[in-house]
Amino acid sequence: MIFFADTSSTLQLNVEEFVLGNILDAIVSEVMTLIREKNLQLFHEIPDEIKMLSLYGDQIRLQVVLSDFLLNVVSHTASPNGWVEIKISPGLTLQDGNEFIHLKFR
């Protein structure tokens, strides 16, 4: 667990290992009702190696942020006959060994 504090508040992060695919499945499930109501199409391009990627961090916070973002994208997409796309691709490995992924919501 990691704590961040300033003079006005404290933020607690639960740091654990998790699989990215679990979060992606959850956020897509959360928006499907709104997508159907607005008569939108959902396209997603997520390679299997990305779905199986193990991450280390706060799974719940990441899921909330991505879900809120995707819900806003869907809410502001023109309907009917509009579409939403989720595309995730591997990123670059930096010299210090950290790996990044690029998430694109369109």
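**Briefing: core, helices and backbone exceptions**

Val73 sits in helix α3, which spans residues 59-75. Helices (H or I, at least four residues) and strands (E, at least two) are DSSP runs, numbered from the N terminus. This is a predicted model: local features need pLDDT of at least 70, side-chain atom pairs count only at pLDDT 80 or more, and totals for chains, interfaces and linings use all residues. Residues are numbered from 1 along each chain as its sequence is written, and side-chain values use heavy atoms, with hydrogens and water left out.

- Val73 has a relative accessible area of 18%, so it counts as buried. Buried means under 20% relative accessible area, exposed over 50%, and partly exposed in between (1.4 Å probe, protein chains only).
- Val28 belongs to helix α1, residues 20-37. Its relative accessibility is 18%, so Val28 is buried.
- Leaving aside residues up to four places away in sequence, Val28 touches Leu42 and Ile86. Contact here means heavy atoms within 4.5 Å.
- From Val28 to Leu66, the C-alpha separation is 9.9 Å; the two are 38 residues apart along the chain.

**The nonpolar core**

- The largest nonpolar core has 19 residues. Such a core is a set of buried Ala, Val, Leu, Ile, Met, Phe, Trp, Tyr and Cys residues joined through side-chain atoms within 4.5 Å.
- Leu70, Val74, Val84 and Ile86 have the most contacts inside this core.
- Elements giving two or more residues to this core are α1, α3 and β6 (83-93).
- Helix α1 supplies the largest share, seven residues.
- In soluble globular proteins, nonpolar side chains tend to be buried together.

**Backbone exceptions**

- Most residues other than glycine have a negative phi, and most peptide bonds are trans.
- Ser79 and Pro80 are joined by a cis peptide bond, with omega about -5°. Pro80 lies in the loop between α3 and β6.
- Asn81 is also placed in the loop between α3 and β6. Its phi is positive, about 65°, although Asn81 is not a glycine. The relative accessible area of Asn81 is 66%, so this residue is exposed.
- Asn39 is in the loop between α1 and β4 (41-45). Phi of Asn39 is near 55°, a positive value in a residue other than glycine. At 47% relative accessibility, Asn39 is partly exposed.
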